[in-house]
Amino acid sequence: MSSKKIYTGLIEQYRNQLPVSKDTQIISLGEGNTPLIQLHNIPSTLNKQVEIYVKYEGLNPTGSFKDRGMTMAVTKAVEDGAKAIICASTGNTSASAAAYAARAGITAFVLIPDGKIAQGKLAQAMMEGAIVLQIKGNFDDGMRLVKEVADEAPVTIVNSINPFRLQGQKTAAFEIIEQLGRAPDFHCLPVGNAGNITAHWLGYSEYACADSSLFAEVCTNGFADFSGKPIIDTRPKMLGYQASGAAPFIRGDMVDKPETVATAIRIGHPQSWDYAWIVNSESEGWFDECSDEEILATQKMLAEKEGIFCEPASAASLAGALRDIKSEKIPENSCIVCTLTGHGLKDPDTAIKQSTAPVVKVEASLVQVKSAILDNM
Ligand code: F0G
């Protein structure tokens, strides 16, 4: 008998809370189970008594939170007999779709905006054998085309309009509750399509056995069975931060030409628009925007002060949280979780461009290496 204890991914972990049966063949790469890391050095500069944690989703198998949704979406697509999946993407969804399709032995078609996706993400999709369609348009154009083509060709959409994506992504909220032993007071997320903020609210609501009108929309009843597990009695206020140049939730309307250095959230027509407003009102949270400068400065600060490297879009959650802590919109003594949605290695070009760390060129000699060290102490 085997005594192996290998973590086999979030569907196995939360089987009773997800729409799978005992016969479902699970397509997994061991996603989920990501660390919740308490920040020490950044909060100590704030002069405020707060606990800030980051949920480091960049440590999923393809380097972003998308894997949580993709394991579910591809598992269900395969169960349904699909031979091909399709998505529009600002990069991370395409990398994840490509990986899970490869794992399942099916084809992934990915539509990406011409020249506007980070190098690491493109490299992933190409290596993982996706058929990459680079369109002369932005993510919103890609999304429209994906919906149109799925009506005409035998492909399953794995964007977050696929309800199984949200089911998988809600498990991030389950993990946070189990890691903290409670629900945080505030949960901060970068918002693009708003699928992830919706999925988290679904997860918190299920765990709390608290009603949400989202259930009627996206939850096929009966998955939230937490018998034997602690049930929380509070839910966090959900705070969604957008990049200023791509901020439809702050403008109150769609944005036709979104622009931001945080290419992952360069989205003007969010697919989960209505859901996100439900989350906003039920959780009594808010949306706000961050400038590109704030996003980049926060990305750098997190790397320099805490050793945590996230991609630009991810830093919007912390940038917004820090601003709201300073202004006391988030009160002292709060417990705050910020989701870091993607790994910093996804976008090396943006990181190197803004990095001021010295790269000292020296001869391969002890004298030169030693003097370089002493000069830089
Ligand atoms: N952060 C990162 C790193 C992302 O890649 C995305 C979305 C988001 C935040 C926003 O999440 O859309 O659920 O509000 N990326 C999608 C993609 C659009 O194609 O990879 P959301």
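Here are a few exercises on this predicted model, each with a worked solution.

Residues are numbered from 1 along each chain as its sequence is written. Local features need pLDDT of at least 70, and side-chain atom pairs count only at pLDDT 80 or more, while totals for chains, interfaces and linings use all residues; side-chain values use heavy atoms, with hydrogens and water left out.

**Exercise 1. Helix α2**

Work out what span helix α2 has and how many of its residues are buried.

*Solution.* Start with the naming: helices (H or I, at least four residues) and strands (E, at least two) are DSSP runs, numbered from the N terminus. Helix α2 covers residues 66-79, which is 14 residues. The expected span is 1.5 Å times one less than the number of residues. For α2 the expected value is 20 Å, and the helix reaches 20 Å from its first C-alpha to its last, so it comes out close to expectation.

Next, burial: buried means under 20% relative accessible area, exposed over 50%, and partly exposed in between (1.4 Å probe, protein chains only). By that rule 12 of the 14 residues in α2 are buried, which makes the helix mostly covered. Among the buried ones are K66, D67 and R68. Just after α2, have a look at G81, which takes a positive phi of about 90 degrees.

**Exercise 2. Strand β2 and its partners**

Find which strands pair with β2, and in which sense.

*Solution.* Two strands pair if DSSP finds at least two bridges between them. Strand β1 (residues 36-38) pairs with β2 in the antiparallel sense over 3 bridges. To place that on the model, go to I37, whose bridge partner in β2 is V54.

Now take strand β10 (residues 335-340), which pairs with β2 in the parallel sense over 6 bridges. Here Y56 stands opposite L340 in β10. As for covering, β2 (residues 51-56) has 5 of its 6 residues buried.

**Exercise 3. A cluster of rings**

Show how F249, W273, W277 and F287 are linked by ring pairs.

*Solution.* Rings of Phe, Tyr and Trp (its six-membered ring) pair if their centres lie within 6.5 Å; planes under 30 degrees apart count as stacked, over 60 as edge-to-face and the rest as tilted. The structure holds 8 aromatic pairs. Take F249 and W273: their centres are 4.7 Å apart and their planes sit at 20 degrees, so this pair is stacked. F249 is in helix α10 (residues 248-251) and W273 is in helix α11 (residues 273-283), so the pair ties together parts 24 residues apart in sequence. F249 has a relative accessible area of 3% and is buried, and W273, at 16%, also counts as buried.

Then move to W277 and F287, an edge-to-face pair with 5.0 Å centre to centre and 80 degrees between the planes. W277 belongs to helix α11 and F287 to strand β9 (residues 286-290), so this contact bridges parts 10 residues apart in sequence. W277 is partly exposed at 31% relative accessible area, whereas F287 is buried at 12%. Ring pairs link these four residues into a cluster.

**Exercise 4. Cavity and pockets**

*Solution.* On a 1 Å grid over the protein atoms alone, a cavity is a set of points where a 1.4 Å probe fits but cannot get out; a pocket is an open set with protein on both sides within 12 Å along at least five of seven lines, and lining residues have an atom within 4 Å of a point. Grid points are joined across faces, edges and corners, and a volume is the space filled by probe spheres set on the points.

There is 1 cavity of 30 Å³ or more. The largest cavity has a volume of about 300 Å³.

The largest pocket has a volume of about 230 Å³.
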